[in-house]
Amino acid sequence: MLFEGQTIKLDTHDGGLAELRFERGVEAVNKLDALTFGELRRALDAIAAAPAIQGVLITSAKDAFIVGADIFEFTSVFKRPEKDIEAFVGANSEIITALSDLPVPTVAAINGLALGGGLEVALAADYRVLSSAARIGFPEISLGLFPGYGGTVRLPRLAGLRPSAEWIIFGAQHSAERALQAGAADAVAVPEELRAAALAMLKMAIESKADWQGRRSGMKQNLGLAKEEAASLLANARAQAAKALPHLPAAHFAVELLEKASGLDRDAALALEAETFAKVAKTQAADSLVAIFVHEQAMKKIIRRYAKDAPPVRKAAVAGAGIMGGGIAYQSASRGVPIVMRDIAATALDLGMSEARKLLAKAVEAGRLTQDKADAVIDSITPSLTYEGFDDADVVVEAVVENLAVKQAVLREIEGLVSPHAILASNTSSLRIGALAEGLRRPENFLGMHFFNPVPKMPLVEVVRGPKTSSQAIAMVAAYAVAMGKTPIVVEDCPGFVVNRTLTPYFIAFLRLVRDGVDFQEVDKAMEGFGWPMGPAYLIDVIGMDISHHVVEIISAGFAPRMDVPFETAVQILLRQGRLGRKNGHGFYKYESDSQGRPRKEIDPDTQRLLAAGQPNGTTVIGEEEIAARMMLPVILEAARCGEDGIAASPGQVDMCLILGLGLPRYLGGALKYADYLGLKNVVDRADNWAGLSPIYRPSDRLRAMAAAGEVFYPA
């Protein structure tokens, strides 16, 4: 063995072949970090110093080839000055370039995932043979970045400029066959024949039956395109980036880089890549998205602990059907946990089962599920007008109407029927768990399990600890949420918890803007332009005008007088006209079904006339920047209070609640991460300017103290 490290082994075989094998100790996957790069440099030096070696086979001893760079290393590197980042990336890129410049031919045998830096290592080989099960791609855009270890230079020389831009700015994973068609792979083999196929290709190169030297020479040249031709090839990518990725500077930087680098030789293009990567690394989006990645990894560790500590949920039940109950039942059954769905009304049960069937039909149509599997899922949902089957359920979710007295009565009734060991959870969106627990004999077995609508799409479940909830109940419900494919975040009890508590001042800010005479469509346009998936008026329509009003009413009362709304709101005006939003076809907008039966949003000319009654000073126009600031500041201020009150365990958990449950734009990194970006002094000063509009613009004493002391929510 020529070299043996903790992440790489270099063996020699008969016939002058060397095998450079990525094999990262006891860890599940190979990744690129300082240790790996250091060992790769030493292994390449060993190859260059061994004249008997005629060719190198690059392999992995793990199920994946290499999953990418170590993002945790980036978090500290990205805090450095731009020139330091450029030097860091450039040094690692030079090591991969040394692989591409070995004096002998090289073939990469890609057995599984080769993503990001892993694909960049593979692209440095002369040839690539992929397992038919392999998938490759550049997912860096999801971190606000683009490939920085030669990917923007080598892929265009293999696959062309236009396809390379699409791979880089959209970050999709590609199948082996797709990679072969694009020119990123040279051959595809079934998994059991991958090694033999890669060795055969290497031997062909050694025997000069494949012109590896000619290919390598071509990889060092520019793309041979006129400037106008390169711009034309990238025009579609530039337009797509502007339309679909307006808040990701990395996409725009990448397109510009590809155009400029097309006229440069390899080494000059690599230098430009490192320089441009360093600029992107200092953007708000990169900082925010890398922080989200770190939060997600931290949550996965917590989730694994819950799953380890809790017994499995073998059977569940949900009290309350309809859209929400049907969604919960579908999600549980589709993930292998049979469930009883109970309601007092047969029509509600029919609606719940119809919702589940509709979701399964879509999965079958999309090829994600076979019809037999779909039939098995629907058979594992038992609709019932009684509580039959609740007695042996491990977890029961209450999802009835959002009324304290009704919920308390239902919960007490269920508690008398279930096993003493069963966990009882409420899907309340606004009521305190402590209030709901009053009268229960086993409050230690009761907590909140707040799903978001639509249940199958929304990833978050707020697991709400009541005053007497046991740690075992928390672990079991969190583990059940994981089994359902959700991300549980444990929060403490208060009206609205984290998500709806923070959403309430956002809605109040919107209602105040409309009262001040701002066109609700202009507010929606501004917030969608800011990055929200939908504006506040459209969101209220989707949630339901009546439900939105009820939730805001409950939560604002719980935080009076800070969330008082001392005027008749646009929602109250429209409700008085019988407008419920999308569910009855009329809200802020009107809705008609398209050819697929989906509700289509349209402008309702009557809405402005109705709202004029609640605009005492008439209409006014303000800019999108001011609209966004007036909407976002209350979110920041309330998120900060959630942290101060200990409702979530850390700023990261507050922010992840808002990203996963509220749809807060990911490029912000969360409300508190965004506050750090703006500067807390700037946040406080801007809020003080609008404090006369509503108490929702008044910062807490703690936030003022942080701003005065120059503190941040996320210290370096």
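Which residue in β3 stands opposite Ile8? The residue is Phe22. This is a predicted model, in which local features need pLDDT of at least 70 and side-chain atom pairs count only at pLDDT 80 or more, while totals for chains, interfaces and linings use all residues. Residues are numbered from 1 along each chain as its sequence is written, and side-chain values use heavy atoms, with hydrogens and water left out.

The pair Ile8 and Phe22 belongs to strands β2 (residues 8-13) and β3 (residues 17-22), which run antiparallel and are joined by 6 bridges. Strands (E, at least two residues) and helices (H or I, at least four) are DSSP runs, numbered from the N terminus. Two strands are said to pair if DSSP finds at least two bridges between them. Both strands sit in an open sheet of 7 strands with mixed pairing, in the order β1-β2-β3-β4-β5-β7-β10. At its edges stand β1 (3-4) and β10 (187-189), each with a single partner strand, so one side of each is left without a neighbour in the sheet. Helix α1 (residues 34-48) packs on this sheet and touches β1, β2, β3 and β4 (55-60), its direction making about 20° with that of β2. Contact here means heavy atoms within 4.5 Å. Axes are lines fitted to C-alpha atoms, for helices over the stretch in contact, and angles run from 0 to 180 degrees between N-to-C directions.

A second open sheet has 8 strands, again with mixed pairing, in the order β13-β12-β11-β14-β15-β16-β17-β18. Its edge strands, β13 (381-384) and β18 (487-492), each pair on one side only. From one strand to the next, the twist averages 25°.

Strand β14 (residues 395-398) pairs with β15 in the parallel sense over 4 bridges, and Val396 has Leu424 as its bridge partner in β15. Together with helix α18 (residues 404-415), β14 and β15 make a right-handed β-α-β unit; with the strands pointing away from the viewer, the path from the first strand over the helix to the second runs clockwise in a right-handed crossover. β15 also pairs in the parallel sense with β16 (residues 446-450), over 3 bridges, and there Ala425 stands opposite Leu447. Next, β16 is joined by 3 bridges to β17 (residues 460-465), and these two run antiparallel. Gly448 has Val464 as its bridge partner in β17.

The loop between β12 (339-342) and α16 (346-365) holds Ala345, which is partly exposed, with a relative accessible area of 26%.

Two further helical regions complete the account. Helix α21 (residues 499-515) and helix α22 (residues 520-530) pack at an angle of about 135°, with their axes 9 Å apart. The two helices α21 and α22 are therefore oblique to each other (angles under 35 degrees count as roughly parallel, over 145 as roughly antiparallel, 65 to 115 as roughly perpendicular and the rest as oblique). Tyr506, Phe510, Leu513 and Val514 of α21 make the contact with Phe520, Val523 and Met527 of α22. Helix α5 (residues 151-159) is mostly covered, with 9 of its 9 residues buried. After α5 comes Gly160, whose phi is positive, near 95°.

Conventions. Buried means under 20% relative accessible area, exposed over 50%, partly exposed in between (1.4 Å probe, protein chains only).
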